[in-house]
Amino acid sequence: MEFLRKIEEKWQKRWEKAKIFEADPDPRKPKYFITVAYPYPNSPQHIGHARTYTLADVHARYMRMRGYNVLLPMAFHYTGTPVLAMSKRLAENDKDLINDFINVYKVPKEKLKEFTDPLAMAKYFHKEIKEGMKRIGYSIDWRREFTTIDPNYSRFIEWQFEKLRQKGYITRGSHPVGWCPKDGNPVGQHDTVGDVEPEIGEFTLIKFKKDTIVFPTATLRPETVFGVTNLWINPQATYVRAKVDNEEWIISQESVEKLRHQNRKVHVLETFQGKKLVGTIVENPATKTKIMVLPADFADPKNATGVVMSVPSHAPYDYVALENIKKEHAKLKEYGLNPEKIGQIQPISLIAVPGYSEIPAADAVKKRKITEQTDPKLEDATKEVYRHEFHNGKMKPNTGKYSGMPVAQAKEKVKQDLIAEGKAATMYELVNKPVKCRCGTECIVKIFQDQWFIDYGKQEWKTLTHKCLDKMEILPEELRAEFEYVVDWLHEKACARKSGMGTRLPWDKEWIIESLSDSTIYMAYYTIARHLKEHKIKPEQLTDQVFDYIFLGKGNINEIAEKANLNVEVLEKMRQEFLYFYPLDSRHSGRDLIHNHLTFMIFNHTAIFPEKLWPRQIVTNGSVMMEGVKMSKSFGNIIPLREGLEKFGADPIRLSVLSTAELLQDAEFNPSIAKSMIDKLEKLYKSAIQTAKIKTTESKQKLAEQFDAIDKWMLSRLQKHIIDATEAMEKMSVRKAIHSILYELDQDTQWYQKRIANRKNKENVKNYVLRRVLEAQVLMLTPVAPHICEEIWKILEKKGFISTSPWPKPDPTEMDIKAEENEEFLINLLEDTENIIKVTKAKPKKIFYYVAAPWKWKIYLKALEKSTQGKIELKELIQEVSKKERTKATAKFALKTIEQIKTIPEKRKQNVLKIGAIDERETIENAKEFLSRRLKAEIIVYNEKDKEIYDPKRKAAIATPLRPAIYIE
């Protein structure tokens with residue numbers, strides 16, 4: 001392990017000294033611009049983060065080796081509440097957080113006093129994260145580094161927001177937002193524990209009444225009001241009678257503040273336990289029928305008003321609850337209720353659904369054998385019923401004027417009519433609650449007055465965004481539909497708040513632009529960041545006209561430069577550098593950011609930049625799991641990156657987080673995986689030392705003349721692995737690439753070495769082949785494990801850095817289908833023989849192989865040919881054999897061949913057709929020494945048509961092409 005750490009330090013210093021990752025415009029080379037989400041410096045990065053960032057680095061390193069001038073920059077996201085929330089919690093002496101900082105993050109205790117200043121904390125972790133990125137070997141151009149509170153960056157964001165405002169994409173008004181009551185701020189995904197995006201749903205509050213007192217039931221299905229049989233309240237919860245605006249309402253205590261935050265005047269008149277309400281008779285405003293309030297422990301006082309209407313015919317939860325309470329006679333009597341009367345309550349069917357009975361909820365419940373309200377299968381039952389009713393259901397005659405109306409239409413119509421008649425109102429609630437702010441407070445919904453929004457709901461903007469998305473490559477492609485859904489679904493997004501760090505709105509300085517709004521086009525800023533530093537350009541020089549010229553090519557350069565007191569050449573250099581690197585070629589991020597940041601990036605690029613500068617690709621990946629749970633600071637199951645690097649080293653961690661899953665899957669990390677990677681790299685290193693000791697002076701041509709079939713096979717397999725790894729890397733299927741480079745190629749190399757173990761007089765050929773394999777292998781492994789590969793490159797006495805050496809190309813002249821098929825035949829033969837020995841528990845002295853007769857090969861090849869064209873006719877196959885050879889056995893073999901060929905992969909069929917019949921006898925004879933040594937027995941080969949043949953068990957007749965018959969003595 002120590003030797004790996006020394007290698008890492010050595011090559012990181014050499015890379016830095018040689019500045020090989022600093023990318024400047026170079027007209028001789030095609031460019032490739034990659035970015036990955038800049039991190040929040042509110043705690044150290046952990047191994048979970050390493051997956052996304054390492055994927056981006058692997059992509060950058062691969063494209064660099066493909067001949068591109070690659071730019072991979074990095075910055076730090078100080079904006080918003082993550083840093084502020086951590087700092088506040090420390091100031092409040094949060095013991096859990098203090099414990100994490102000292103024992104998990106390994107922050108010196110005396111440092112914590114400084115962290116009550118958010119900026120001091122951000123600077124500390126900024127430094128640590130940057131050091132971690134260097135230690136893991138990311139190929140970043142650090143000259144372009146910035147933070148989102150740098151004055152020059154703030155000017156860039158001000159310019160961006162002025163552009164959005166000019167185009168009508170910034171609005172002001174009232175809108176529901178996720179809200180932290182403690183911090184007094186809107187919250188988005190980056191402000192919450194576990195990075196959860198608050199999802200807001202609009203509930204209809206249907207006003208059931210007892211005299212003048214309103215029981216407002218919150219529902220997402222107002223059209224089902226015609227089927228309400230009773231109301232539910234939680235008898236153990238606290239409820240209030242309150243004056244809400246101009247009415248008296250019965251609501252849960254928890255809903256009081258929620259309603260106030262939604263601009264309702266709420267004055268509490270009386271507080272009591274829910275059990276006081278049990279047995280109350282209320283009137284349904286839609287049907288005028290009288291129904292009863294019943295007790296239900298599942299009625300959540302924290303959800304909306306805490307008052308629930310029961311529709312057992314169409315709501316599985318209500319159906320099960322009603323059936324259960326009918327049986328609880330003692331409980332009903334305790335509340336003074338008549339069990340017989342409650343037992344008479346029956347579901348009211350109001351929606352006709354094809355494929356379901358009068359009571360769809362009962363169908364879904366009985367199908368799943370659900371009997372209890374706590375059964376998790378109720379959630380699936382609810383989704384099933386709602387889906388079928390919404391898409392296929394029609395309202396029944398007992399719904400009055402809505403009769404015959406599709407449910408999808410009736411849902412909105414009933415809601416509108418009830419509200420217009422004063423029989424309903426609306427309330428917003430988080431549908432994915434509980435969502436907690438990073439300060440620890442549970443979030444609610446607030447209707448925010450005079451809030452600034454980015455209006456992602458504008459149809460013309462959505463059309464532009466769809467146009468960009470249609471042209472983009474999305475990896476993995478399966479996620480395109482998710483992006484399309486988000487583009488359609490997005491609406492107004494609160495873009496500013498009154499606390500936190502960041503850029504102030506240029507036209508309203510009370511407001512600070514929030515973190516998901518100042519991080520959408522910063523990729524453009526990377527292209528000029530180094531010039532701003534090098535030429536010490538001040539924020540006041542970065543006028544809107546300067547940015548207009550750099551990013552949009554607008555205005556007269558001389559006039560703009562003079563007004564801004566800028567050098568004309570410097571301004572033009574910034575313009576040209578932007579045009580050289582833009583558009584963004586690839587954006588890497590975690591899948592969880594599709595619903596905000598990644599889609600916002602597309603929207604904002606289409607709003608500001610011309611079409612030719614829109615982003616080209618997004619690569620998203622899953623999380624890293626630790627024992628099946630997402631690795632996250634919020635879940636307390638992290639391994640800080642610094643600690644992981646110290647324990648396992650850079651290359652083993654890089655391999656560990658990328659080798660266990662493809663993009664869309666969640667990767668599993670555990671120490672045993674990292675240790676196995678250390679072992680793998682040490683083995684590769686030792687192998688390289690051995691290979692490098694022996695040098696071959698003969699020319700490639702002269703060596704090729706001495707090749708045996710097995711040498712040709714090894715070099716042919718090498719070409720296949722180069723092709724496979726290249727195809728995988730092009731699609732960022734890095735796990736697949738690693739598997740081909742590190743495992744499959746190793747397996748082939750080990751087989752090759754076993755096959756030639758006793759070969760004499762061809763050491764030079766073996767050394768040449770193994771060196772060729774090693775050179776290609778380390779080149780292909782370089783993007784993933786760059787440190788060890790640099791060291792091996794040096795051991796092999798190669799010039800320059802392997803990091804900037806060309807990616808290997810397959811050599812078509814070395815692709816030998818015949819050699820590969822012959823060897824595949826031999827591998828299968830050995831496997832069949834070993835299986836027979838294992839099953840029979842025999843200790844063979846002699847092994848007899850009987851290869852198929854020529855007539856069988858004729859039928860087999862014809863069957864292969866016909867299978868690639870369509871249907872195989874038995875008659876055609878038999879005609880391949882001379883009349884003299886036609887027997888019952890011929891027809892039987894032909895039939896068997898037709899069935900056998902159905903299982904052969906298409907590529908294998910094509911290969912066999914290309915080379916024709918394999919001389920199986922010769923292949924076995926050439927490998928006799930190897931087979932005899934491996935099987936510890938004498939090897940004898942016959943053709944089943946040989947006149948003098950030893951075949952005591954009549955095995956020869958069952959020989960088929962590529963599957964010789966086997967007899968063991």
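**Domains and local features**

Tutor: The domain assignment divides the chain into domain 1 (2-167 + 474-635), domain 2 (200-430), domain 3 (692-815) and domain 4 (819-968); such bounds come from an automatic or database domain assignment. This is a predicted model, in which local features need pLDDT of at least 70, side-chain atom pairs count only at pLDDT 80 or more, and totals for chains, interfaces and linings use all residues. Residues are numbered from 1 along each chain as its sequence is written, and side-chain values use heavy atoms, with hydrogens and water left out.

Student: What separates the centres of domain 2 and domain 4?

Tutor: The separation is 72 Å, taken over C-alpha atoms.

Student: How do the axes of α11 and α12 cross?

Tutor: The axes of helix α11 (residues 360-367) and helix α12 (residues 377-392) come within 9 Å and cross at roughly 140 degrees. Axes are lines fitted to C-alpha atoms, for helices over the stretch in contact, and angles run from 0 to 180 degrees between N-to-C directions. Helices (H or I, at least four residues) and strands (E, at least two) are DSSP runs, numbered from the N terminus.

Student: Which term describes how α11 and α12 lie to each other?

Tutor: The two helices, α11 and α12, are therefore oblique to each other. Angles under 35 degrees count as roughly parallel, over 145 as roughly antiparallel, 65 to 115 as roughly perpendicular and the rest as oblique.

Student: Which residues of α11 meet α12?

Tutor: Pro360, Ala361, Ala364, Val365 and Lys367 in α11 meet Leu378, Ala381, Glu384, Val385 and Glu389 in α12, where contact means heavy atoms within 4.5 Å.

Student: Changing topic, in what order do β20, β21 and β22 stand in their sheet?

Tutor: The three strands form an open antiparallel sheet in the order β20-β22-β21; two strands pair if DSSP finds at least two bridges between them. β20 (496-497) and β21 (504-505) are at the edges with a single partner strand each, so one side of each has no neighbour in the sheet.

Student: How many bridges join β20 to β22?

Tutor: Two bridges join β20 to β22 (residues 508-513), and Ala496 stands opposite Ile513 in β22.

Student: Where are the cis peptide bonds at Pro434 and Pro476?

Tutor: One joins Lys433 and Pro434, with omega about 0 degrees; Pro434 is in the loop between β16 (424-430) and β17 (444-455). Another runs from Leu475 to Pro476, with omega near -5 degrees, and Pro476 is in the loop between β18 (473-475) and α15 (480-489).
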